[in-house]
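Please read them beside the sequence and the coordinates.

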Amino acid sequence: MRHLIDIMDLSIEELDEMIAVAKDIIADPEKYAHKCAGKKLATLFFEPSTRTRLSFEAAMYELGGNVLGFSEAQSSSAAKGESVADTIRTVGCYADIIAMRHPKEGAPIAGTRRSTVPVINAGDGGHNHPTQTLTDLLTISREKNRLDNLTIGLCGDLKFGRTVHSLINAMSRYPNNKFILISPDELRIPEYLKYETMIKKNLEFVETDDLENAMPELDILYMTRVQRERFFNEQDYLRLKDSYILTPDKLDNAKEDLSILHPLPRVNEISVAVDDDPRARYFEQVLNGKYIRMALILMLLEEAKRNPVPDWQKQ
Ligand code: NCD
């Protein structure tokens, strides 16, 4: 059974294919309106979400399918002590595909071992968020017409921000991308990502705390919020939360064709005054999230059809 746990589970060819399908959906939504008729998507959200859960649900509806699920752990049997693996096994009896978000790193992998349906990681703790990365890739591809030869500034909480980790992994596979990692000292990217991906793969990157200095170079500015829920103490959060606040004046020396992205939700890190700047693309990014999830659901259901789980395994 094919799942999506990490963005690296997908080959470059599959990423490119999914982006192409998403663009085709945008061009001709009617063609896809019944592709998932009779199919059900379950959204199992053990952690808060607005965009990810609702875009998955909207995606399935727009494919002609149905959705079921829960949006907080307290309303599921997790509150009674059920394991993630048992919850997934159970939901696989009701749904054809599952999107799951969980606060614990690695929970989706643990949950998929005996799953009879495809499972999509919709965010696991501070670790990974592959479908946000698919959204980001589609957005960058639509904005820039390429995924290579870009200077990408990632700014904010690079330590706990799971979208940052998945995006670096994905963009590191396309040639000649340069990363400018802008964060306070305490919120730099995790060591494993720095050493096992960036240094090992010989990527071009700089770590800095200076957004204004980096600005003129950037093709993409990917802002992130400081991840309050992953801090060990509130004092540290309060000290670091407003490290970067993007205001219109800070864009004075930015490129004309800069794309400003943000996985959202934003807290303070982008002033609402920036929303009127044509370079602010984060709400287009939100919309792209629905289209790419449609493409992903189609791909995984297609694969599940080609490789059905034998009946004995379903027992
Ligand atoms: C992100 C997440 O959940 O990691 N949000 C999202 O899915 N669009 C970013 C965040 O919460 O800061």
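1. The sulfur of Cys 93 lies 20 Å from the closest cysteine sulfur, that of Cys 36, which is too far for a bond. The structure holds zero disulfides, a disulfide being a pair of cysteine sulfur atoms within 2.5 Å. Cys 93 is exposed, at a relative accessible area of 62%, whereas Cys 155 is buried, at 0%; here buried means under 20% relative accessible area, exposed over 50%, and partly exposed in between, with a 1.4 Å probe and protein chains only.

2. On provenance, this is a predicted model, in which local features need pLDDT of at least 70 and side-chain atom pairs count only at pLDDT 80 or more, while totals for chains, interfaces and linings use all residues. Residues are numbered from 1 along each chain as its sequence is written, and side-chain values use heavy atoms, with hydrogens and water left out.

3. Which residues are around the ligand? They are Thr 52, Arg 101, His 129, Gln 132, Arg 162, Thr 163, Arg 225, Gln 227, Pro 263, Leu 264 and Pro 265, where a residue is counted if one of its heavy atoms lies within 4 Å of the molecule. By class, this shell has three nonpolar, five polar and three charged residues; Ala, Val, Leu, Ile, Met, Phe, Trp, Tyr, Cys and Pro count as nonpolar, Asp, Glu, Lys and Arg as charged, and the others, Gly among them, as polar. At least three residues of the shell come from each of domain 1 (7–129 + 289–314) and domain 2 (130–286), with bounds taken from an automatic or database domain assignment.

4. Turning to individual atom pairs, an N or O atom in the side chain of Arg 162 is 2.7 Å from an oxygen atom of the ligand, and a polar side-chain atom of Gln 227 is likewise 2.7 Å from a ligand oxygen. The backbone contributes through Leu 264, where a polar atom lies 2.9 Å from a nitrogen atom of the ligand. The protein covers 94% of the 310 Å² of accessible area that the ligand has on its own, as computed by the Shrake-Rupley method with a 1.4 Å probe.

5. The count of salt bridges comes to 23, a salt bridge being a side-chain nitrogen of Lys or Arg within 4 Å of a carboxyl oxygen of Asp or Glu. Arg 2, Glu 14, Glu 303 and Arg 306 are linked in a network of such bridges.

6. Are the partners in the individual bridges buried or partly exposed? Arg 228 and Glu 234 form a bridge whose closest N and O atoms are 2.5 Å apart; Arg 228 is partly exposed at 44%, and Glu 234 is partly exposed at 36%. Lys 241 pairs with Asp 242 at 3.1 Å between the closest N and O atoms, and here Lys 241 is partly exposed at 27%, as is Asp 242 at 33%. In the bridge between Asp 277 and Arg 279, at 3.0 Å from N to O, Asp 277 is buried at 16% and Arg 279 is buried at 13%.

Notes
A polar contact is a pair of N or O atoms within 3.5 Å; within protein, one must be able to donate a hydrogen and the other to accept it, and residues adjacent in sequence count only if both atoms are side-chain atoms.
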